[in-house]
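Open the model in a viewer and keep the selection panel at hand. The stops below are meant to be taken in order.

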Amino acid sequence: MLDAIDKDLLKKVADLEGLPKGAFNIRKNGKLLKREVSANINIESNADGSGIIVTIKPGTINESVHIPVILSLAGLYDVVYNNFIIGEGADVTIIAGCGIHCGSLEPEGHAGIHEFRVGKGAKVKYVEKHYATGPGRGRRTLNPTTKVFLEAGAAAEMELTQIGGVDEANRANEATLGPDSLLLITERVLTEGNQKAVSANTIILAGAGSRANMISRSVIKGDSEQDFYATMEALAPCFGHIECDAIIMDNGRNETVPSLKARHPDAALTHEASIGKIASDQLMKLMSLGLTYDEAVNRIIQGFLK
Amino acid sequence: MLELKDLYFSVSGRDIIDGMSYTFEKGKFYSITGPNGSGKTTLAKLIMGINPVSSGSISFQGKEISSLSITERAREGIAYSFQQPARFKGITFRDLLAIAAGTDDEAMLLALLRRVGICSLSFLDNPVDAKLSGGEIKKIELATTIARNPKLAIYDEPDTGIDLWTIQPMVRLLKREQHEHGTTTVVVSHNRAFLEAADIVLMISEGKLVYKGDLTDALPMLNDLSVCNYRKCVGDKDVGCYR
Ligand SMILES: Nc1ncnc2c1ncn2[C@@H]1O[C@H](COP(=O)(O)OP(=O)(O)O)[C@@H](O)[C@H]1O
Ligand SMILES: [Mg+2]
């Protein structure tokens, strides 16, 4: 049931060799390919069949759910609405990801709208990788959206990665943080050729004692373009930090706009932003350890996006 | 083993290295000192290939290297500990050490830690980023240089930011490397401990080599550093040049 292309895409976006263990839902070309539920994790299709609802029982510890999407059908633009309901005190990992294999001149694309409701004291780690490949020259589009709602004391760690081959991406992340909740977002995007990616982020620190850290790492090669917007709005005593770094290679273009809004006098919000070429002192150091110029560049980029 | 001949490095008409000639002998320990801005780091970077030679020659083990890249010189056996080490994002001490040693074998890396006197194993997975203290990054810098097993090791002010108690162990470490591996060692430093450890002390002023010899004869000149206006020495024992 999994062909060679499917297996390659699954490996790239979800580190999977064949089918995963535990609960999973594999969607291929807009349809359910295979689903498995577990005692604590339920997966069902939503009412209009446009996506899935993943429900994690309160107190579920150390379990994971894989929900990869693979596309290899010319001309398809697949849109899914997925909901994750994470019960109180649970501690789980969700591995998503979308792989496109494009074999023709026709465009292919996917938009995943993922909404997370993280219950009191629950912890979720969400790992999402986007990747496109194939000999076809059809335009590959990936437009992921995440919406996160954190209840009191909840924590979410989001690792969002676009590894390569995606021609166009409109990425959006939104989060609302309850009291004493914690949000860590790390987004890594690599573009090359004539690719374009935009990432727009809005984080609302609504609860007292909430903390958010958004890290963005961009590598912009060839003639590609990447723009990054992040807004942190504080409505209560809280801590928020945005760190965005872009490395520009060749003729890449970038616009980075971090924005901080304090609506409460005890809000502490900070940001660091940098755009530039690879620092020459880093290159010199690695070359003095015996690497060639190209090896040094690759090593620095690899670390930066790690 | 390293021969500098009529070496110049000039930037917009200014000779930052101003006609230097000197031969470093294999397996010896050299300390280079001299006022800030006198050209010590520039000289080290000329040898490593980080700065391009304006004129003159550098030969290493009988081979002209002044047109070789940094990488090629590293592979010939030259290593340099930067005065201001680079800081990265997403690269750990382990990564740098593995690149330097050409292996990521855990046992080999641990052996290297022991060799450079780092007792804390958890230090290995520290990111080499802006959060490290000045002393910590200098230790990492020194360790990556030793991990190269270089024939010629140049340390640029390795004691900056290092606590007082660690300086003597660092001197002993570099002496041990010199003796056990026959490493030709060049330390740029103002610290008396390194000057005392040296077989030969070199002094640089305004891009020129103004003294070469033992520490005893250099002392009057060093003691006078604060009031001294160097002029070019006529011979090693020219008393006038200490004033
Ligand atoms: N690439 C360069 N361009 C212009 N000036 C330089 C360059 N490199 C070094 N210098 C200048 O040359 C002088 C010597 O610098 P440096 O070698 O770093 O001194 P030291 O290490 O002895 O303190 C300084 O005045 C410095 O500003
Ligand atoms: Mg210097």
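**Scores**

This is a predicted model, with an ipTM of 0.90 and a pTM of 0.85. Colour chain B by pLDDT: the mean is 89, and 91% of the residues of chain B reach 70 or more. Now select residues 226-230 of chain B, where the pLDDT is below 50. Beyond near neighbours in sequence, this stretch has eleven contacts in the model.

**The interface**

Show both chains and select the residues in contact: 21 residues come from chain A and 22 residues from chain B. About 1900 Å² is buried between chain A and chain B, and carbon and sulfur atoms give 61% of that area. Which three residues supply more than any other three of the area that chain A buries against chain B? Select K285(A), S288(A) and L289(A), which together supply 33% of it.

**Chain A: α2 and α3**

Stay on chain A and select helix α2 (residues 280-288) and helix α3 (residues 293-304). The axes of α2(A) and α3(A) are 9 Å apart, and the helices pack at an angle of about 120°. At that angle α2(A) is therefore oblique to α3(A). The crossing of α2(A) and α3(A) is right-handed. To see the contact, show the side chains of Q282(A), L283(A), L286(A) and M287(A) on α2(A), then those of Y293(A), A296(A), V297(A), R299(A) and I300(A) on α3(A). Seven residues of this contact are nonpolar, one is polar and one is charged.

**Chain B: α3 and α4**

Move to chain B and select helix α3 (residues 93-101) with helix α4 (residues 106-115); their axes lie 11 Å apart, and the packing angle is about 100°. α3(B) and α4(B) are therefore roughly perpendicular to each other. From α3(B) the contact uses F93(B), R94(B), L97(B), A98(B) and A101(B), and from α4(B) it uses E106(B), L109(B), L112(B) and L113(B). This contact has seven nonpolar residues, two charged ones and no polar ones.

**Chain B: α5 and α6**

For the last stop, select helix α5 (residues 134-147) and helix α6 (residues 164-181) of chain B, whose axes come within 12 Å and cross at roughly 10°. This angle makes α5(B) roughly parallel to α6(B). Display K139(B), L142(B) and I146(B) on α5(B) against T166(B), M170(B), L173(B), L174(B) and E177(B) on α6(B), the residues that make the contact. By class, the contact of α5(B) with α6(B) comprises five nonpolar, one polar and two charged residues.

Note on methods
Residues are numbered from 1 along each chain as its sequence is written. Chains are lettered from A and ligands numbered from 1 in the order in which they are written. This is a predicted model: local features need pLDDT of at least 70, side-chain atom pairs count only at pLDDT 80 or more; totals for chains, interfaces and linings use all residues. Side-chain values use heavy atoms; hydrogens and water are left out. Axes are lines fitted to C-alpha atoms, for helices over the stretch in contact, and angles run from 0 to 180 degrees between N-to-C directions. Helices (H or I, at least four residues) and strands (E, at least two) are DSSP runs, numbered from the N terminus. Angles under 35 degrees count as roughly parallel, over 145 as roughly antiparallel, 65 to 115 as roughly perpendicular and the rest as oblique. A crossing is left-handed if the near helix is turned anticlockwise from the far one by less than a right angle, and right-handed if clockwise. Contact means heavy atoms within 4.5 Å. Ala, Val, Leu, Ile, Met, Phe, Trp, Tyr, Cys and Pro count as nonpolar, Asp, Glu, Lys and Arg as charged, and the others, Gly among them, as polar. pLDDT is the predictor's confidence in each residue, from 0 to 100. Buried area is the accessible area (1.4 Å probe) that two parts lose on being put together, summed over both.
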